[in-house]
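Keep the sequence at hand as we go.

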Amino acid sequence: MIISFIRKIIIALFSVLIVYLFYMQCVRGEYYQDLAKMNRIRLLPLSGPRGNIYDRDGNLLAGNRLAFDCVVMPQEFYPDHKALEELGRLLNKSASVLKDEIRENTIAPFVPMVIKDDVAKELAIAISEKSLDLPGLLIQTRSVRYYPHKNMGSHVIGYLGKINEDELYALSDYGYKAMDHVGRGGLESFYDSYLKGEEGGIQAEVDSRGRELRQLGIKEPEKGKDITTTIDLELEAHIDSLMEGERGAAIVMSSETGEILALVSKPDFDPNIFVSALKPDSIKILLGRSDYPMIDRAISGAYPPGSVFKLVTSSAALDMKRMSLHDQLNCPGFYMLGKWRFNCWKDDGHGTETIIDGIKNSCNVFFYQVGRKAGVDGLAAYAVKYGMGRNSGIDLPYESAGTVPTRAWKLYRMRQSWFEGDTVNYAIGQGYLLVTPIQILRMTNAVGTEGILVKPFLVRKIGGLEVKGAERRRLDISKETFRTIKEGMKRAVDDPSGTAKAARAKGLSVAGKTGTAEAGPKGTHAWFTGFSPADKPQFSLVVFLEYGGKGGDKPAKMASSIFAKLKELGYL
């Protein structure tokens, strides 16, 4: 009896279920099918702005602007030929090209596809009006990088580029997506993971014409961390104007902390062209230039140092006790090594000199002899002590280590033995030796501070956090050695016959050393490096001009102007 009752209940329930399914599928089926077609879920990404980059006083070096992208949603975009032609006319593309691009670049039906990025505001308005007749066509806004000072400081700030397949494969676990922009140079590259914003998105229900019915959810995008640099924008602008039309680099550094106040490399480039689709030919022209404006000559260019290396030669000979402050050597204008003649830059010679005179006069013959006293091993060891042959560790990418040659290096690279003539050339900064301007700056600063080798850096704050202070280490070189060299550098500036006298700056004591490096048939590279005040430096600088003539001319004059600007700004 009970079993019969339960069976009737089950049969009744199944009957109700069958009737309901019949009603839903056969009676109301068409209604719900239309509803499903008409109402769809759309996912719209919201880009996270990159963090801003500021100079040390809060002046903006890199910020963001609003850009408009023309986008289609493949699952909703089924235009007829006439509508496609009209859209193509607005975008300056043929309907067939537009159709092919959409077909080839569609990743998935529900993934928005950009068919024209960074369109002008007026065009964005026109396309928005057109979207009423073209379901699935819409305008998306996003944040785009911009650089208010254009070329100035471009090698420090860097630039952005669209992520490529290899980068996407390597970085996808860190939130990077196709069409993202990543840092390609300068601080934009070195601090990309901090500057990068976090993408958000909107989940919206739309009708069959692509019109939004309601928002189902939103995830707010997050801006990347702001970065405050050590750069002084006014000083950077001053040096930038001094270097206009030149090829080379100039750097100013705090002697005590290693903070870089200015870093200029010329020629330079406008980083805005890499984020603007409005100037597609500009990148091609820039990359094709024969003066290579994309190279940061301050840290990536490796050059013969010429006579600024005599500071290292002096250090080696004095510190190794191969000569003393009072030893005198003669310069008749040339030096004979066997049958080989090595000339001084002064044809009739400098006569008898101490090492202080040798530095003041930048006498080649004097340093040929000093270099032989130190020997190739001594020269190489002290060059390495001063940080040559390795990266300085500055927070910029693509730094060059340069070359510090040794006997083993020449045997391995050139398949030749080391000759005494190589040592003679080495002593005056020629031959196989290659250095970067920032290495010369560190070396000079170590002489001025009597042995403190600092690690240069450009960023002092990330978000609200102070970056760890300067890394510094004391060189194992005697104080007496440094003081002898500094005295020679002071006289090079102060003495009427000093090679660096053009670097004098009113009201300041300056110590300096010039360099003129042979660089083949195109001419000579020109160097000046120095610091102020001369006895206890607060700031060191280097000026390097590629094929710039003599170091005592234009580079020393530029240094004088930079020291004067440091005084005007209150640093000295």
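**Pockets, cavities and backbone**

In the lining of the second largest cavity, three residues are nonpolar, five polar and three charged. Here Ala, Val, Leu, Ile, Met, Phe, Trp, Tyr, Cys and Pro count as nonpolar, Asp, Glu, Lys and Arg as charged, and the others, Gly among them, as polar. The model is a predicted one, in which local features need pLDDT of at least 70 and side-chain atom pairs count only at pLDDT 80 or more, while totals for chains, interfaces and linings use all residues. Residues are numbered from 1 along each chain as its sequence is written, and side-chain values use heavy atoms, with hydrogens and water left out.

Let us stay with the cavities for a moment. Rolling a probe the size of a water molecule over the atoms shows where empty space is left. On a 1 Å grid over the protein atoms alone, a cavity is a set of points where a 1.4 Å probe fits but cannot get out, whereas a pocket is an open set with protein on both sides within 12 Å along at least five of seven lines; lining residues have an atom within 4 Å of a point. Grid points are joined across faces, edges and corners, and a volume is the space filled by probe spheres set on the points. By this rule there are two cavities of 30 Å³ or more.

The second largest cavity, where we began, has a volume of about 30 Å³. Its lining includes Asn151, His155, Asp240, Leu263 and Asp268. At least two of its lining residues come from each of α6, α10 and β12 (260–266). These labels follow DSSP runs, numbered from the N terminus: helices are H or I with at least four residues, and strands are E with at least two. The largest cavity holds about 60 Å³ and is lined by Leu61, Met152, Gly153, Val156, Ile157, Ile231, Leu233 and Glu236. Helices α6 (154–157) and α10 (233–242) each supply at least two residues of that lining. By class, six residues around the largest cavity are nonpolar, one is polar and one is charged.

Now for the open spaces. The largest pocket has a volume of about 1100 Å³. It is lined by 37 residues, of which Pro45, Ala178, Met179, Asp180 and Glu199 are the closest to its centre. Strands β1 (40–46), β3 (60–72), β4 (113–119), β5 (137–146) and β6 (159–162) are the elements that give two or more residues to this lining, and β5 gives the most, with six. The lining of the largest pocket has 16 nonpolar, 10 polar and 11 charged residues.

The second largest pocket takes in about 690 Å³. Among its 26 lining residues, Ser307, Trp345, Asn364, Thr516 and Lys550 are the closest to the centre. Each of β15 (340–343), α14 (364–385) and β21 (511–518) supplies at least two lining residues, and β21 gives the most, with four. Six residues of this lining are nonpolar, 16 are polar and four are charged.

What about the backbone? Most residues other than glycine have a negative phi, and most peptide bonds are trans. Asp118 is not a glycine, yet has a positive phi of about 55 degrees. This residue lies in strand β4. With a relative accessible area of 64%, Lys321 is exposed.

One runs from Lys266 to Pro267, with omega near -5 degrees; Pro267 lies in the loop between β12 and α11 (280–287). Another joins Ser532 and Pro533, with omega about -10 degrees, and Pro533 is found in the loop between β22 (524–532) and β23 (539–545).

How values were computed: Buried < 20%, exposed > 50% of the residue type's maximum accessible area, 1.4 Å probe, protein only.
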